[in-house]
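Please open the structure in your viewer and keep the selection tool at hand.

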Amino acid sequence: MIERSLFQPEHEMWRDTVRKFIDKEIVPFHEQWEKDGIVPREVWLKAGEAGMLCCTVPEEYGGIGADYLYDVIVFEELWRAGTSGPGFLIHTDLVASYILAFGTEEQKKQWLPKMVTGEAIGSLGMTEPHAGSDLKAIRTRAERDGDEFVINGQKVFISNGQMCDVIVLATKTDSAAGAKGTSLFLVDASLPGFNRGQNLEKLGMKAQDTSELFFDNLRVPASSMLGEEGKGFALMMTKLSQERLAQAIRSATVTETVIEWTVDYTAERKAFGKTIGDFQNTQFVLADLKARAVMARVFTDKCIELFMKGELDPVDAAMAKMTTSELHCEAVDKCLQLFGGWGYMWEYPICRAYADARIVKIAGGSIEIMKTIIAREMFKGKLTRKD
């Protein structure tokens, strides 16, 4: 098999540390968190103390200034353990990344040290009831009033919504300007006018809190704007490749993991006088998934390498996200089938992995959006139709 070549010995030492933390502080309690619909704040504080949050944040803002692979290892080990509850990815890979890339010095000093320790939990406020993949269609408004902006609107499907202390919020500051009328704000969740809706009940990822958020004449200082006014849509577009890469890393990891679970199970489980693994159908199903999982991993690792060099193309990110997401969903379906009736029981990790998987074809841009991005590049300059 092709071995991964991204990681150095220090990365593998970090992986061992992360794995031990997850085994001790997360795995034994995750089932209860799924019932509660939320991960306790103390877990965030413990993760921060262990250095597992925002690994790439520089030392001047309280981080360890590590490379991106340290964050990748945290995400991979959470998914490998089947622990989808802690919303560390949104917090680390997106919110902290936005602040680090586009924030003022004052904004960075205000939020990043607290995000590193887990004292402040980050959330990304973009999706609305009428605007999912089409971010230009958001309706949340921010109107200037002297040195402040007054925000009104609603967000939905917001990960970390019940827990968040700071929100990277997408708004319209000029409704007539289309995408160029979009601006981002860093919103302090303690401000009057901010309200959390219900913790939404989902098909999967039951331990991760996901909420509606409401903004009712919420006043924020103009200094809380992230980046320039009217540049919000452009800033969001620069981060989509990173978000889609994270989805690909997740799907590649879960696909490998469920295959391993299924090989172990079918090698032991007996039917008709032999193990399920003895049947040719079982071997063919798993061999097919394994071959494609290896190819998905190689391509995903190449995308990680390109991202770290600042060279990841949005089309390549879309292809990685699309192909790994589809394989992820196919793998959990076929592997659950080989578990038989036990695969349908929530106590089995394959059952929870099946429920968790369905979101990957939607999160970070739907499969249909990925196909559109890829097709536009393929047909660039070749078609007469103007969109």
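In which kind of crossing, left-handed or right-handed, does α4 pass α5? The crossing is left-handed; that term applies if the near helix is turned anticlockwise from the far one by less than a right angle, and right-handed applies if clockwise.

Before the first selection, note that this is a predicted model, in which local features need pLDDT of at least 70 and side-chain atom pairs count only at pLDDT 80 or more, while totals for chains, interfaces and linings use all residues. Residues are numbered from 1 along each chain as its sequence is written, and side-chain values use heavy atoms, with hydrogens and water left out.

**First stop: α4 and α5**

Select residues 68–80, which form helix α4, and residues 88–102, which form helix α5. Helices (H or I, at least four residues) and strands (E, at least two) are DSSP runs, numbered from the N terminus. Two packed helices are described by the angle between their axes and the distance between the axes. Here the axes come within 11 Å and cross at roughly 160°. Axes are lines fitted to C-alpha atoms, for helices over the stretch in contact, and angles run from 0 to 180 degrees between N-to-C directions. The helices α4 and α5 are therefore roughly antiparallel to each other; angles under 35 degrees count as roughly parallel, over 145 as roughly antiparallel, 65 to 115 as roughly perpendicular and the rest as oblique.

Now show the side chains where the two helices meet. From α4, the residues in contact (heavy atoms within 4.5 Å) are Y68, D71, V74, F75, L78 and W79, and their partners in α5 are F88, L89, T92 and D93. The residues of this contact comprise 7 nonpolar, 1 polar and 2 charged. Ala, Val, Leu, Ile, Met, Phe, Trp, Tyr, Cys and Pro count as nonpolar, Asp, Glu, Lys and Arg as charged, and the others, Gly among them, as polar.

**Second stop: the nonpolar cores**

Select M52, V74, F88, Y98 and M115, the residues with the most contacts inside the largest nonpolar core, which has 89 residues. Helix α7 (residues 232–268) supplies the largest share of this core, 11 residues. A nonpolar core is a set of buried Ala, Val, Leu, Ile, Met, Phe, Trp, Tyr and Cys residues joined through side-chain atoms within 4.5 Å. Buried means under 20% relative accessible area, exposed over 50%, and partly exposed in between (1.4 Å probe, protein chains only).

Centre the view on F88. Neighbours within four places in sequence aside, the contacts of F88 include I26, W44, M52 and V74.

Select helix α9 (residues 314–339) and helix α11 (residues 367–378), whose axes come within 9 Å and cross at roughly 140°. That makes α9 oblique to α11. The crossing of α9 past α11 is left-handed.

Select strand β3 (residues 148–159), where S159 has its place. S159 is buried, at 18% relative accessible area. Beyond residues up to four places away in sequence, S159 touches I90, S123, Q208, D209 and T210.

Next, select F157, also in strand β3. Although F157 is a residue other than glycine, its phi is positive, near 60°. F157 is exposed, with a relative accessible area of 57%.

Finally, select N160, in the loop between β3 and β4 (166–172). N160 is not a glycine, yet has a positive phi of about 70°. N160 counts as buried, at 1% relative accessibility.
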